[in-house]
Amino acid sequence: EREGKTLNIQPRGSLTNIAREYQKSMDYNALAPVTQRLYKQTLGHILKWCKAAGHPHIKYLTRPLIIKYLDKFTHVPTLRKKIGGMISILCSKAIDMGEITVNPATELNLKENRKPSHIFSDEEVEKLVKASIDRG
């Protein structure tokens with residue numbers, strides 16, 4: 001990889017290896033195609049992070065490292081939540097594979113902090129209708 005060549009073999013226990021095994025699993029293959037596509041997009045972010053770190057073993061993935069990585073996505077809270085969820089899924093798969101014993105990505109509390117919807121009052125609706133009529 002240092003020479004710019006992509007290697008097909010990833011170290012056992014790396015997020016890349018675990019993601020590949022997850023995508024072969026019945027859990028993944030039972031998902032709807034739309035969900036699989038969404039998961040692949042989310043995995044893309046995680047695998048880029050794993051590659052940049054040199055494909056370390058998942059046992060080195062700590063909660064503080066996960067939170068630090070997710071902080072890069074504070075400006076896109078929905079994506080942040082999806083990535084955090086996918087990391088948790090991969091850690092669960094790693095537990096099933098015997099690579100780790102504890103999931104460091106459980107209960108990350110990744111709220112999207114969406115603004116509450118505005119409910120228009122009757123007066124506001126009347127003003128909007130009047131303005132629309134005035135403008136044709």
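The questions below take the labels one by one.

Guide: This is a predicted model, where local features need pLDDT of at least 70 and side-chain atom pairs count only at pLDDT 80 or more, while totals for chains, interfaces and linings use all residues. Residues are numbered from 1 along each chain as its sequence is written, and side-chain values use heavy atoms, with hydrogens and water left out.

Visitor: What makes up the secondary structure of the protein chain?

Guide: The protein chain has 6 helices and 0 strands. Helices are DSSP runs of H or I with at least four residues, strands are E runs of at least two, and both are numbered from the N terminus. The order is α-α-α-α-α-α.

Visitor: How do you know how the protein chain compares with a compact globule?

Guide: The radius of gyration is taken over C-alpha atoms, and the globule rule is 2.2 Å times the number of residues to the power 0.38. For 136 residues a compact globule would be near 14 Å, but the protein chain has 21 Å. Its C-alpha trace spans about 65 × 35 × 30 Å along the principal axes.

Visitor: Why is T16 called buried?

Guide: Buried means under 20% relative accessible area, exposed over 50%, partly exposed in between, with a 1.4 Å probe and protein chains only. T16 has a relative accessible area of 9%, so T16 is buried. T16 is found in helix α1. Of the 136 residues of the protein chain, 32% count as buried.

Visitor: Which residues is T16 in contact with, leaving aside its neighbours within four places in sequence?

Guide: Contact means heavy atoms within 4.5 Å. By that rule, T16 is in contact with Q10, L47, C50 and H55, leaving aside neighbours within four places in sequence.

Visitor: What do the buried residues of α1 pack against?

Guide: They pack against α2 (26-29), α3 (33-52) and α5 (77-96). Helix α1 covers residues 15-24, and its buried residues are L15, T16, N17, I18, A19 and Y22.

Visitor: What makes a set of residues a nonpolar core?

Guide: The members are buried Ala, Val, Leu, Ile, Met, Phe, Trp, Tyr and Cys residues, joined through side-chain atoms within 4.5 Å. The largest such core here has 26 residues, and L15, I46, I58, L61, I87 and L90 touch the most other members. Helices α1, α3, α4 (63-70) and α5 each supply at least two residues. The largest share, 6 residues, comes from α5.

Visitor: Which contacts does I46 have, leaving aside its neighbours within four places in sequence?

Guide: I46 is in contact with L15, Y69, I83, M86, I87 and L90, with those neighbours set aside.
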